[in-house]
Amino acid sequence: MTAGRGGVAALARYAPRYGLEIGEPTGAEWLRVDRLLDPDGPELTELLKRDHDASGHVSAHANALSLMSFYAGRAPATALLLWALEGRVLDIRPHNLWVKPHDGHGIASVAIRSARFLPGGLETLYDVVLTQHLLPLSAELHRRTRAGLRQLHGGAAAGCAMAFCAATREEETIPPSYLLERWQTFISKAPADLARLGEVTEAAGKLVYLRNTCCLYYTSENSPSTLCGSCCLTPRPDRLAAYEAGKPILTV
């Protein structure tokens, strides 16, 4: 079943991360996602270099951890929100997906060759978002940099959570209670024990994510030298208090 171009594109009103270009992109700056997963492939090398240059990471594993958090918060976001709202699974299998790196760190744009829905529900979503995509990417980053798999999976979990949380941060919002229920359904049986790596909760009328792992972004030379608002290195009550107070925070 083909997804309507207007319906997919309209999700961008909730947050920029839901913007998705439809149609095979042109230009050397676009990276095909299935090639990111190639052992020692140049596409992942390019993403790591860009993130390193932008952030000034002090170690290869910190580079990998922050890349995973930024990437996972952007590449699968549209598919996760569409599933949360409609119960359908957008085909973001790696061979159907492209990403364009940001000038600094992270992903500037995401494109999909054919905007169509796949048959099936939650298990299909796990397959296209995690089993075929974020978990193999974690494994390749682990192989290249020796970054811990648990920490990499923590970045994957945090990125997926932001697909649900970001929709409650715009003027035109989806009820947080609804998205929280959808997140709990998604994470409860997710592979790689992702449910143990963090928690989505409500603060100041919005959903926020509290990580049980650290991405080490605060160690980067070009970072503001502050912990992310979700970071496990800050006690849970302090993180919630900061969110409730609406204090400026760094979210990776």
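**Figure 1. Asn96, a buried residue in a predicted model.** Asn96 is buried, with a relative accessible area of 2%, in a model that is predicted. The cut-off explains the label: a residue counts as buried under 20% relative accessible area, and Asn96 is therefore placed in that class by its value of 2%.

Figure 2. Two backbone oxygen atoms are reached by the side chain of Asn96: that of Asp91 at 2.8 Å and that of Ser114 at 3.1 Å. When residues up to four places away in sequence are not counted, Asn96 touches Asp91, Ala111, Ile112, Arg113 and Ser114.

**Figure 3. Packing of helix H5 with helix H7.** Two packed helices are described by the angle between their axes and the distance between the axes. For helix H5 (residues 77–86) and helix H7 (residues 149–165), the angle is about 55° and the axes lie 9 Å apart. H5 and H7 are therefore oblique to each other, and their crossing is right-handed. On the H5 side, the contact is made by Ala77, Leu80, Leu81, Trp83 and Ala84, and on the H7 side by Cys160, Ala163 and Phe164. Sorted by class, this contact of H5 with H7 contains eight nonpolar, no polar and no charged residues.

**Figure 4. Packing of helix H5 with helix H6.** H5 also packs with helix H6 (residues 122–145), at an angle of about 175° and with the axes 11 Å apart. Angles over 145 degrees count as roughly antiparallel, so H5 and H6 are described as roughly antiparallel to each other. In this view, Ala79, Leu80 and Trp83 of H5 meet Leu122, Leu125 and Val129 of H6. The residues of the contact of H5 with H6 comprise six nonpolar, no polar and no charged. Leu80 and Trp83 of H5 take part in the contact with H6 and also in the contact with H7.

**Figure 5. Glu46 and Pro101.** Glu46 is located in helix H3 (residues 42–55). With a relative accessibility of 30%, Glu46 counts as partly exposed. Although Glu46 and Pro101 are 55 residues apart along the chain, their C-alpha atoms are separated by 8.8 Å.

Technical notes:
Residues are numbered from 1 along each chain as its sequence is written. This is a predicted model: local features need pLDDT of at least 70, side-chain atom pairs count only at pLDDT 80 or more; totals for chains, interfaces and linings use all residues. Side-chain values use heavy atoms; hydrogens and water are left out. Buried means under 20% relative accessible area, exposed over 50%, partly exposed in between (1.4 Å probe, protein chains only). A polar contact is a pair of N or O atoms within 3.5 Å; within protein, one must be able to donate a hydrogen and the other to accept it, and residues adjacent in sequence count only if both atoms are side-chain atoms. Contact means heavy atoms within 4.5 Å. Axes are lines fitted to C-alpha atoms, for helices over the stretch in contact, and angles run from 0 to 180 degrees between N-to-C directions. Helices (H or I, at least four residues) and strands (E, at least two) are DSSP runs, numbered from the N terminus. Angles under 35 degrees count as roughly parallel, over 145 as roughly antiparallel, 65 to 115 as roughly perpendicular and the rest as oblique. A crossing is left-handed if the near helix is turned anticlockwise from the far one by less than a right angle, and right-handed if clockwise. Ala, Val, Leu, Ile, Met, Phe, Trp, Tyr, Cys and Pro count as nonpolar, Asp, Glu, Lys and Arg as charged, and the others, Gly among them, as polar.
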